[in-house]
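Trainee: I would like to go through this model with you. May we begin with the charged pairs and then move on to other topics?

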Amino acid sequence: MDVKRNDGNNSAQVCRSWNRAEAEALYGLPFAELMLQAQSVHRANFDPNHVETASLLSIKTGGCPEGCGYCSQSAHYDTGLKATRLMNRADVVATAQRVKDAGATRFCMAAAWRSPKDRDLDQVCDMVSAVKALGMETCVTLGMLMPKQAARLSEAGLDFYNHNVDTSARFYGKIITTRTLQDRIDTLAHVREAGIKVCCGGIIGMGEFVEDRLSMLVLLANLPRHPESVPINLWNQVKGVPVNDTAERPDPIALVRLVATTRIMMPKSVVRLSAGRQYMSDELQALCFLAGANSIFLGDVLLTTKNPKADRDANLLHRLGITSGLS
């Protein structure tokens, strides 16, 4: 079958309805069969020997009024994190230039807000336009958006908006009570209507079951359009948050199975190994790339948590023969 590779706009994707039983059957295939299917889908849509490199900067840290039970930036918990004000434009642009020079092709800006105020959005739009002028793809995550706010970000040239669903509908209420899952889905719809691409995934290892992880994938795969980027985050240990009481790091093979299932269910989406890579061995990351993961974050820090150093990433990708912004 002659299938064209993904051109990046995701407009030609073939969406189908998934249910959890189908996802479970896929996830539960013999490992070799699951990997073969995932690698076949991956090769049909992407260069199997290329990984996208992005960088993530916290432009406003801490003091968030949301009560997400996993987050170091929530004002509800004593995590030892000091809240900061919104960074100035010049510092953000200078950071973007540095990470571009270091090999990043996408620059993501994150602010710990429930939703942005108009005066703050003015500044973020200026940052987006300035980073876009450097020749980088732009992404922001600012919390919930109203339609007019999404339209303003689109006018500023924003490429991607990140807004994770985090987990399944069943498990969601156990970790977040200050906003609903529907609130998140509404924001995704506003972003789509504004013509901005969607970056949406979740977090695993918070105490959820495998069934919850697969239900999350079913939710994402059954959106009107698949997210252009799907980040898979391993929960990073954070002192002082409730998830500490339930967290359990996933079995490595279970993580690979989840990546492979994500690749098959959302064939044209970029699948990003996001937070938690510092817990992963080189061999585990290699298996995830083989299963269809094709994006990583560069930099020693992701918002407030650790990330593998650039030289480790460059060395691993070189040994695997994978090209990236680092090569």
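Predicted model: local features only at pLDDT ≥ 70, side-chain atom pairs only at ≥ 80, totals over all residues.

Trainee: With which residue does Glu 208 form a salt bridge, and how far apart are the closest N and O atoms?

Mentor: The partner of Glu 208 is Arg 213, and the closest N and O atoms are 2.8 Å apart.

Trainee: Are Glu 208 and Arg 213 buried or exposed?

Mentor: Both Glu 208 and Arg 213 are buried.

Trainee: How many salt bridges does a search of the whole structure find?

Mentor: The search finds 16 salt bridges. Another of them joins Glu 66 to Arg 179, with 3.1 Å between the closest N and O atoms. This pair links distant parts of the chain, 113 residues apart. Glu 66 is in the loop between strand 1 and helix 3, while Arg 179 is in the loop between helix 6 and helix 7. Both Glu 66 and Arg 179 are buried.

Trainee: And what about Lys 132, which residue does it form a salt bridge with?

Mentor: Lys 132 forms a salt bridge with Asp 159, the closest N and O atoms being 2.5 Å apart. Lys 132 belongs to helix 4, and Asp 159 to the loop between helix 5 and strand 4, 27 residues apart.

Trainee: Why does Asp 159 count as buried?

Mentor: Asp 159 counts as buried because its relative accessibility is 16%, and buried means under 20%. Lys 132, with a relative accessible area of 34%, is partly exposed.

Trainee: Which residues are linked in a network of salt bridges?

Mentor: Glu 52, Arg 106, Glu 137 and Arg 272 are linked in such a network.

Trainee: Let us change topic to helix packing. At what angle do helix 1 and helix 8 pack?

Mentor: Helix 1, residues 20-27, and helix 8, residues 210-221, pack at an angle of about 115 degrees, and their axes are 9 Å apart. The crossing of helix 1 past helix 8 is right-handed.

Trainee: Which residues meet there?

Mentor: From helix 1, Arg 20, Ala 23, Glu 24 and Tyr 27 meet Val 210, Glu 211, Leu 214, Ser 215 and Val 218 of helix 8. By class, this contact has five nonpolar, one polar and three charged residues.

Trainee: Now Thr 187, please. Where is it found?

Mentor: Thr 187 is found in helix 7 and is buried, with a relative accessible area of 2%. A polar atom of the Thr 187 side chain lies 3.2 Å from the backbone nitrogen of Leu 145. Residues that Thr 187 touches, not counting those up to four places away in sequence, are Gly 143, Met 144, Leu 145, Tyr 161 and His 163.

Trainee: How far apart are the C-alpha atoms of Asn 244 and Gly 69?

Mentor: The C-alpha atoms of Asn 244 and Gly 69 are separated by 8.7 Å, although these residues are 175 residues apart along the chain.

Terms used. Residues numbered from 1 in each chain as written. Heavy atoms only, no water. Axes fitted to C-alpha atoms, helices over the stretch in contact; angles between N-to-C directions. Helix = DSSP H or I, 4+ residues; strand = E, 2+ residues; numbered from the N terminus. Left-handed = near helix turned anticlockwise from the far one by under 90°. Contact = heavy atoms within 4.5 Å. Nonpolar A, V, L, I, M, F, W, Y, C, P; charged D, E, K, R; others polar. Salt bridge = Lys/Arg side-chain N within 4 Å of Asp/Glu carboxyl O. Buried < 20%, exposed > 50% of the residue type's maximum accessible area, 1.4 Å probe, protein only. Polar contact = N/O pair within 3.5 Å; in protein donor to acceptor, adjacent residues only side chain to side chain.
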